[in-house]
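Let's walk through this one together, from the whole chains down to single residues. Have the viewer open and follow along.

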Amino acid sequence: MNVIIVGNGSVGENLIDFISQEGHSVTVIDEDSAEVTKVVNKYDVFGVCGNGASVSVQKEAGAQNCDVIIAVTPGDELNLLSCMIAKQLGAKHTIARVRDPRYLKQTGFMSSYLGIDMIVNPDFEAARETARLIRFPAAIKLEKFAQGQVEMVEIHIGKNHPLCDLPIIDFKSKCNTNALICMAERGDEVIIPGGDFVIREGDSIFITASRKDITDLFVRIGLIGKQIKDVMIIGSDRISRYLAPALLGDGFRVKMIEQNAAVCEELAELFPKATVICGNASDPDVLDDEGIDGTGACVVTTPNDQTNLLISMFASTRKVDKIITKITSPTLAKLSDSAGVGSNVTPHLLSSAKVLRYLRGLANKGEKGYKSEIRTLYKLADGKVEALEFDVADDFEFTGIALRDLNPKLKKNILIGAIIREGAVIYPHGNTTLEFSDRVVVITKVTNLCDLGDIIA
Amino acid sequence: MNYKMLRYITGQLLIVECLLMFLSLIVSLVYGEFANLEAFIIPMAAMLIIGLLFSLKKPENKTLKVKDGFVIVGLSWIVLSFFGCLPFVISGLIPNFIDAFFETVSGFTTTGSSVLSASDFDKLWAPASAELGMRGVFFWRSFTNWIGGMGVLVFVLAIMPQQDMKSSRLVHVMRAEMPGPKVDKIVATVRKTAAIMYAIYVVMTAAQVVLLLFGGMDLYESLCTSFSTAGTGGFAVWSDSMVSFGGTVAHPNFCIWVIGIFMFLFSINFNLYFLVLTGKIAAALFSEELRWFVGIVLASTAIVTANLYSVYGNISDSVRQAFFQVSTVISTTGFATDDFNLWPNISKTLLLILMFIGACAGSTGGGIKVSRLIIAVKGTWAEIRRMVRPREIKKVFFEKKAVEGDTVKGTFAYIVAYCFIFFASFLFISLIDGQNIETSFSSVAACINNIGPGLGEVGPASNYAFYSPISKIVLSLDMLLGRLEIFPLIFLFSPSVWREK
């Protein structure tokens, strides 16, 4: 497919990386010629320098014949305009990043009347993820499949963790659960574990199961403590502006700390129920005065990664049940993981995954004629692993075969994590078969699956 | 200071007042009070001549500043009262000029404090053909309540030609005259806003006139009573206000309920009626100020009813008396269906407190205004919180919107200025006239809040005639300060405004 990406920011570059790896031809439009040169040298893409909303620039980039245009410049309006122009020029599909909370309510209108096929909002996704983590504090990461019928949680194995030093083969019997450990991350290495894998201190493990089974498991092994009641949000970017109303609506007590007095006024006006504090959060005295000790959850989302990391590390020296840090840079995210201060949220990874899912869905229909469309796609462990959700279509040839027999035919490093059949969750074992119209969750290190058929070697 | 514009608007104002007085002249003619016609003809001629002279030359520069708006309003109301009191003097109803000025200011500011004694009311009901017939003059007296209720400059704005309004920023004039902490246009132009306000005012007044006719009043009584109710003024055409309705009304209790309910309606923010007219009924009903106002009225009525049960001995009388008196005091009208001076202390104290609360912003009522009190209470609470949590930023919310810091500060400033003026006047009239504390305190309270009758010697059964001239002038100024919400008069009398080029 021909893909045009307008804007080469963090989301833009992330998309360029993922999309060019999947073998699509990518054209990048950016106003900064140095940036364009940089990406052209780094990735196998074509670059055009200019304003993405200019017709001549778009023509030069080939908008007439492109399949997808993705506009991810910092300006919402520029993104929308670029997409509208491209659509008129002949682009088949348009994806715009729109982040302003004020536009959130009119996404439906923008899709139907402005010709925007998909709107991605990294900050909104990040806020949603953060809210999920606050509601389920034992997990570092939480993803949903099949409208929430199956969830995948990441938990970190600390010292004295109940699962520490447990071989996977004993997991089901010891914890009396159906849940499946589908992936483990040890240092830089990602493992899809077999029965002989032993969980060690420092690992992160991913568990898939229905929400109820996960809750039961956590209760059984003592991971669920008290529910979080109060949240301290440090920084006032868009994530906090999406997060605060969601949390307030759920009855959490929210305290927001922001340095800029004018912004504080604005926040106090937007969220009358929240407590807005004007102060410098990188000053430990301020945090102590405002009672960080004993706070249920602390969400750190200032614009600066380093500051966020430092604040989170400080917060971890106080009694805080859950710390969630916004980190944009993958390198720092790893550092934060190894420091073990809590969960990280990376907004642009969340939206990249959403865009990729859409692109693969298009590629399915357009070129190969597959029918087992991707329903959900998550990038895990720094993009090394994907968790995908497929529907089993009638052209899938391997229905009715027990997994025991199917396994040798599968590509390496592929695991069937869960099957949803007629609304019930089935945890796969040797005798399980795949049937038409099942929904299947696949965890894989192979990163270009477009169709369920692709899992077969 | 735009003196030319000041002169021009004063001229327009005088012409308008002349036209309004013409109605009273007609009433005099209808009742055949030919002996008293000059009471209107002389002031009308004076106003017409001066008005025409003043508005002969239109000013080139029509731009008004915020300050100009205040000064124009302050000056206009004094000019208005000066010419408005002439019929009382010339007709001989109130021969003393200061007394007549007091009565007129009391009328225009919708206070309703009177210097008239019971014997003066006999002149009203004297045979029409007799020398003493004063129906026209009394009509004018009630009509001043109606004019002052919505504001006479708002009326001038409503009828001013559109080309005069261009670029003149008359919104400052409207803001200075309309009561409330924050006045805004409800439609795009000042003229249209003023016209809509007046249309609502006229229609509601007409509705009340019709209902009172059903209650058995004659057209004259009904008109005068409705004018005084609509402006929340409180001038009655009977010497005992509404206690007996002169003994001639067929259904006095029905009339009491009608007047009570209309006083309540006229003390609600008129913007809400506009919302209802444009179909936004839910928005109007959920107004925070309205809910507080209704809450205060209901709670006070309940307390006074319980307290009055010992006086009247039955529920229906107690409820009617309690509701009417609560409504008349909180709307700052000042009618009386009984001498509440003789009521138990709890009721009297409550009524005295209600005088200060007053009506809603944007209504015809006076007092501090419910919205201002809500903002002040919330603002004080926010300040107290700030003392213990210095880093916290807390906005004051009113009507679901954050109130700007300036509005909160303005509200505090208003209340401080109000208290200062109140206590200065209280001290002053106590020194001059030496009345007891109850009388002096409630006199100032009743004047500055535009109620009318107070407690003690100025209760509903008495009048203000006994005060010395100098105290009457102070009380007149209090009434103007209360009606115009202090700042226009302060600017009018501050030398710096006039010195400045």
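Into which domains is chain A divided? Chain A splits into domain 1 (2–120), domain 2 (230–345) and domain 3 (354–455), with bounds that come from an automatic or database domain assignment. Between the C-alpha centres of domain 1 of chain A and domain 2 of chain A there is a distance of 32 Å.

A quick word on the ground rules. This is a predicted model, where local features need pLDDT of at least 70, side-chain atom pairs count only at pLDDT 80 or more, and totals for chains, interfaces and linings use all residues. Residues are numbered from 1 along each chain as its sequence is written, while chains are lettered from A and ligands numbered from 1 in the order in which they are written.

Start with chain A as a whole. Chain A has 15 helices and 22 strands; helices (H or I, at least four residues) and strands (E, at least two) are DSSP runs, numbered from the N terminus. Its C-alpha atoms fill a box of roughly 65 × 65 × 40 Å along the principal axes. For 457 residues, a compact globule would have a radius of gyration near 23 Å, and the 23 Å of chain A agrees with that. The radius here is taken over C-alpha atoms, and the globule rule is 2.2 Å times the number of residues to the power 0.38. In chain A, 47% of the 457 residues count as buried. Buried means that 20 or more other C-beta atoms lie within 10 Å of the residue's own, exposed means 12 or fewer, and partly exposed is in between, with C-beta atoms placed from the backbone. Of the contacts in chain A between residues at least 6 apart in sequence, 61% join residues at least 24 apart; a contact needs C-beta atoms, placed from the backbone, within 7 Å.

Chain B has another make-up: 24 helices and 3 strands. Its C-alpha atoms take up a box of roughly 75 × 65 × 55 Å along the principal axes. A compact globule of 501 residues would have a radius of gyration near 23 Å, and chain B, at 22 Å, agrees. Buried residues account for 51% of the 501 residues in chain B. As for contacts in chain B with a separation of 6 or more, 73% come from residues 24 or more positions apart.

So where do the two chains meet? The contact takes 10 residues from chain A and 7 residues from chain B. On the side of chain A that touches chain B, helix 10 (261–270) and strand 14 (275–278) of chain A are the elements that give two or more residues. That side of chain A divides into 6 nonpolar, 2 polar and 2 charged residues. For that tally, Ala, Val, Leu, Ile, Met, Phe, Trp, Tyr, Cys and Pro are nonpolar, Asp, Glu, Lys and Arg are charged, and the others, Gly among them, are polar. Strand 14 of chain A also pairs with strand 1 (residues 392–393) of chain B, antiparallel, over 2 bridges; pairing requires that DSSP finds at least two bridges between the strands. In that pair, A:I277 has B:E392 as its bridge partner.

Back in chain A, look for an open sheet of 5 strands with antiparallel pairing and the order 7-8-11-9-10. Strand 7 (141–145) and strand 10 (189–191) of chain A sit at the edges with a single partner strand each, so one side of each is left without a neighbour in the sheet. Strand 7 of chain A has A:K141, A:E143 and A:F145 on its covered face, and A:L142 and A:K144 on the uncovered one. Most residues other than glycine have a negative phi. A:N413, in the loop between helix 15 (403–406) and strand 20 (414–421) of chain A, has a positive phi near 60 degrees. With 14 C-beta neighbours inside 10 Å, A:N413 counts as partly exposed. A:S437 has a positive phi of about 70 degrees, and is exposed, with 11 other C-beta atoms within 10 Å.

Notes
Two residues are in contact if their C-beta atoms, placed from the backbone, lie within 7 Å.
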